Amino acid sequence: DVGASATTITKARIMSVYGQATAADAEIKIYNEADSSKTAKQLVFHVKFSNADNHGQSFTVPGEGIYCNTGMYVDLTNCDFCTIIGTFT
């Protein structure tokens with residue numbers, strides 16, 4: 001649990017993602033990047049979900065998951081929080 005502070009994750013393998021919406025059209029974007037210098041090329045996961053506040057949605061990544069070898073940066077839109085399950089270093 002990261003909380004409200006920034007945390008550096010240098011490598012990650014994403015296996016599952018859960019988000020809770022604050023409004024319709026919630027989005028979760030995950031970039032293979034350790035800071036906010038995100039670009040479309042670094043985007044490895046993007047989901048849009050929900051039609052209302054407080055709607056929770058779970059996404060399972062098949063196989064060996066998504067490997068982020070540079071780090072992981074998460075960008076949330078209309079989303080209270082996001083929980084990522086995987087392995088991290």
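Reader: What percentage of the 89 residues in the protein chain is buried?

Author: This is a predicted model, in which local features need pLDDT of at least 70, side-chain atom pairs count only at pLDDT 80 or more, and totals for chains, interfaces and linings use all residues. Residues are numbered from 1 along each chain as its sequence is written, and side-chain values use heavy atoms, without hydrogens and water. Buried means under 20% relative accessible area, with exposed over 50% and partly exposed in between (1.4 Å probe, protein chains only). Among the 89 residues of the protein chain, the buried share is 31%.

Reader: Which strands stand at the edges of the open sheet of 3 strands?

Author: Two strands pair if DSSP finds at least two bridges between them. The order in this sheet is β3-β2-β6, with antiparallel pairing. Each edge strand has a single partner, so one side of it is left without a neighbour in the sheet; these strands are β3 (43-49) and β6 (73-77).

Reader: Which residue in β6 is the bridge partner of K29?

Author: Strand β2 covers residues 26-31 and pairs with β6 in the antiparallel sense over 5 bridges. The bridge partner of K29 in β6 is D75.

Notes
Helix = DSSP H or I, 4+ residues; strand = E, 2+ residues; numbered from the N terminus.
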